[in-house]
Amino acid sequence: MSDSSAAPQQSKNKSKAVKRGSLHSRTSPDLCGSAEQRPLMSQRSLPGTPVTHKHLPIDLRTSMDGKYKEIAEELLARSMTDSDMRCAPYEFPEESPIEQLEEKRHRLERQISQDVKLEPEILLRAKQDFMKIDSATDLEYMQDSQEDAVDQHHVEREMLVEKEFQRVSISGEEKCGVPFTDLVDAAKCVVKALFIREKYIALSLQSFCKTTTRSLQELNQRPLDVSAAEDLRGSPVDSDMRVHMPVSETHPYDGRHMTSLPPDAGYTCAMLDGVVHVYTAQNLDKSTELDLPYPDLQEYIADMNVMMSLIINGPVKSFCYRRLQYLSSKFQMHVLLNEMKELASQKQVPHRDFYNIRKVDTHIHASSCMNQKHLLRFIKRAMKKYPDEIVRVESGRGQTLMEVFENMNLTAYDLSVDTLDMHADRNTFHRFDKFNSKYNPIGESILREIFIKTDNHIHGKYFGHIVKEVMSDLEESKYQNAELRLSIYGRSVDEWDNLAQWAVTHSVYSDNVRWLIQIPRLFDVYRTKKQLMNFQQMLENIFLPLFEATVNPSSHPHLHLFLTHVVGFDSVDDESKPEHHIFNLDSPTPARWCDDNNPPYSYYLYYMYANMTVLNHLRRRRGFNTFVLRPHCGEAGPIHHLVSGFILSENISHGLLLRKEPLMEEYSIAAQVWKLSSCDMCELARNSVLMSGFSHRAKGYWLGPDYNKEGTISNDIRRTNVPDIRVAYRHETLCEELHLITQAVRTQELDRIEEEEDMLSFTPSQSTAPPISTLEKP
């Protein structure tokens with residue numbers, strides 16, 4: 001009896017094991033095609049239950065479900081009292097150079113780069129000896145590369161790339177180094193986090209990784225949608241076009257653009273509970289409200305609780321730590337095996353090197369975009385050219401520029417770089433107060449107001465001139481671009497118009513520069529000074545002018561033109577400042593936040609994100625450019641800063657005051673500290689362009705017509721100087737990591753479905769059997 005009953009069970013387990021084995025041996029799904037985001041639907045009244053629980057056909061439940069709120073609140077409370085979390089422990093590895101490796105590398109570079117006048121076969125054999133090419137496939141590819149043109153077809157290039165570099169792979173069933181049960185639990189958590197981030201990024205019309213989107217869509221069994229990225233359809237750049245984008249013949253701020261503004265849409269805007277709503281009529285009735293989606297507060301708090309709980313999940317921490325260690329070692333192996341081939345690929349590209357490829361400084365304050373010497377020369381020149389110009393008013397009396405310096409007992413001769421003292425040295429590390437003081441020339445806030453402010457007595461005249469000089473330097477270099485940050489404080493509703501008037505009046509524009517607007521988290525300062533009544537007033541001052549300029553550009557003509565060159569928003573302040581409030585459903589609404597204490601970081605970020613999302617949908621309707629959220633995040637402070645940034649922002653960027661020209665100085669320092677190779681530097685430059693807010697057309701010229709696709713087809717080495725080997729390695733590694741977690745979820749889901757089918761198939765047969773009591777009757 002027991003043997004006969006055990007046999008079907010053993011065969012059932014064996015069939016299940018066979019199915020699981022076939023699932024493990026199945027090839028990875030195709031994650032290399034281009035994917036677009038799904039159509040956006042209104043989510044104004046979405047419930048607070050996380051989307052990963054309600055709308056997914058797969059089971060992502062873990063042992064921590066039902067405890068998210070309690071765990072998150074405990075972590076938040078602990079972070080408010082834990083002084084160790086106030087600073088980020090940045091450490092730099094101290095690695096001594098390996099002299100033999102460096103000598104061999106230099107010898108190889110000299111051999112490859114020298115002007116050899118030998119026959120092609122002899123040169124090819126010399127390269128083979130140095131590069132250790134042993135396989136016939138590699139030798140054949142080297143011969144073909146000597147004969148073929150650089151602009152060979154992308155498909156042929158992909159086939160060659162797959163042959164030309166060495167890959168590191170792991171065999172066996174358990175490849176992640178953790179038990180399968182831990183892998184399933186960790187994979188569910190990671191997939192859940194990715195679903196949450198994808199939901200918020202897609203809703204706000206920001207960009208999300210296409211490879212990750214495709215993987216999640218296949219896991220979710222939904223079709224690939226293309227409506228969210230219609231503006232990227234078709235590249236305006238041909239593969240053989242020049243790398244420099246044509247310059248417009250007209251200035252964007254000239255008078256002709258002021259007379260051809262878009263018409264008034266006739267909408268009415270009003271802020272309710274901290275978020276702007278748009279109506280088609282003046283009566284602000286619910287029936288006339290435009291369907292402009294944004295996530296409600298209950299949903300955001302629920303997703304925050306989920307993310308906070310995932311942080312302390314044991315299997316997640318073990319899995320992530322082991323995978324990061326493995327990926328670090330895998331990249332080191334890739335460099336050891338393929339560094340010489342990557343270098344050879346770069347050498348074959350004519351004219352292109354790190355100094356003449358496009359790069360973007362994605363984080364630099366406009367007030368620190370110039371170096372110290374440049375600012376010093378400008379101040380001396382202004383003292384000679386405008387000595388009698390009234391630059392400020394004090395006690396009702398105007399002061400000339402000469403009088404300002406006389407009150408400081410300074411002359412043009414006394415000024416030097418040392419007395420200027422605007423370099424962020426080691427003393428500013430983790431000292432936000434000292435960092436801010438470096439923006440004051442000679443330590444005087446008066447000079448900061450005169451020379452590097454837009455809203456002063458001379459309407460930012462000097463600041464506009466010096467920024468235009470920096471723009472001219474960037475244009476002369478051709479390949480360097482920047483995203484400069486300007487501040488909007490939210491103290492007055494006129495700030496946007498004043499900033500736009502400064503830019504348009506002084507013609508502060510360049511094809512090499514785009515603007516990011518940083519919003520300091522200083523509500524407590526303004527509230528203490530009685531400049532604001534509540535937090536909603538600050539939000540109204542920041543966002544209502546943007547909505548008005550979008551609805552009727554003629555009402556804010558300068559602002560409408562200025563916004564065409566703004567790419568996003570930043571949230572800035574000292575993250576290490578203690579927070580006295582936990583953001584939850586019991587938190588007061590912005591209209592009722594009248595306390596002198598500052599709202600927490602996540603509170604700021606949510607209302608910035610919600611208003612930006614509504615604004616993006618309105619601007620998309622009108623055919624205008626949209627914005628992204630790129631806040632300061634993770635420099636210091638509690639862990640929930642990173643959680644909020646992960647959920648809501650497209651990316652984060654950071655920067656410091658520099659003593660040289662900013663962009664090249666950062667790369668040179670990075671190359672020295674982290675021992676970066678030429679390939680590493682070019683890859684960083686390419687990534688800076690990808691994450692920047694420059695237009696799709698500009699990126700097509702700078703990176704190639706297919707830059708927004710996946711895999712090596714997205715790379716044009718003639719423009720980026722990044723070898724296809726490196727791009728292929730990055731893409732394949734990402735696909736493997738996504739396949740690891742999604743395959744674990746699929747495997748567990750398949751087992752669960754089979755168990756349910758077994759139970760259903762067993763239950764009917766059991767119910768048809770006669771009861772035992774009936775059999776016992778005579």
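User: Which side-chain oxygen reaches to within 3.2 Å of the backbone nitrogen of Q536 at the start of α21?

Analyst: The model is predicted. Helix α21 covers residues 535-551. At the start of α21, the backbone nitrogen of Q536 has a side-chain oxygen within 3.2 Å, and that oxygen belongs to N534.

User: How many residues of helix α9 are buried?

Analyst: Helix α9 spans residues 210-220 and is largely enclosed by the rest of the structure. Its buried residues include K210, R214 and N220. Of the 11 residues in α9, the number buried is 10.

User: Is H506 buried or exposed?

Analyst: H506 is found in the loop between α19 and β7. Its side chain reaches the backbone oxygen of H459 at 3.1 Å. Buried means under 20% relative accessible area; because H506 has 17% relative accessibility, it counts as buried.

User: What accessible area do M333, L336 and L337 have together?

Analyst: L337 lies in helix α12, residues 314-347. At 39% relative accessibility, L337 counts as partly exposed. With M333 and L336, L337 forms a nonpolar patch on the surface, and their accessible area together is about 290 Å².

How values were computed: Residues are numbered from 1 along each chain as its sequence is written. This is a predicted model: local features need pLDDT of at least 70, side-chain atom pairs count only at pLDDT 80 or more; totals for chains, interfaces and linings use all residues. Side-chain values use heavy atoms; hydrogens and water are left out. Helices (H or I, at least four residues) and strands (E, at least two) are DSSP runs, numbered from the N terminus. The expected span of a helix is 1.5 Å times one less than its number of residues. A polar contact is a pair of N or O atoms within 3.5 Å; within protein, one must be able to donate a hydrogen and the other to accept it, and residues adjacent in sequence count only if both atoms are side-chain atoms. Buried means under 20% relative accessible area, exposed over 50%, partly exposed in between (1.4 Å probe, protein chains only). Patches are made of residues with over 30% relative accessible area and no salt bridge: like charges are joined within 9 Å, nonpolar side chains (Val, Leu, Ile, Met, Phe, Trp, Tyr) within 5 Å. Accessible areas come from the Shrake-Rupley method with a 1.4 Å probe; for residues, only the protein chains shown count as cover. A salt bridge is a side-chain nitrogen of Lys or Arg within 4 Å of a carboxyl oxygen of Asp or Glu.
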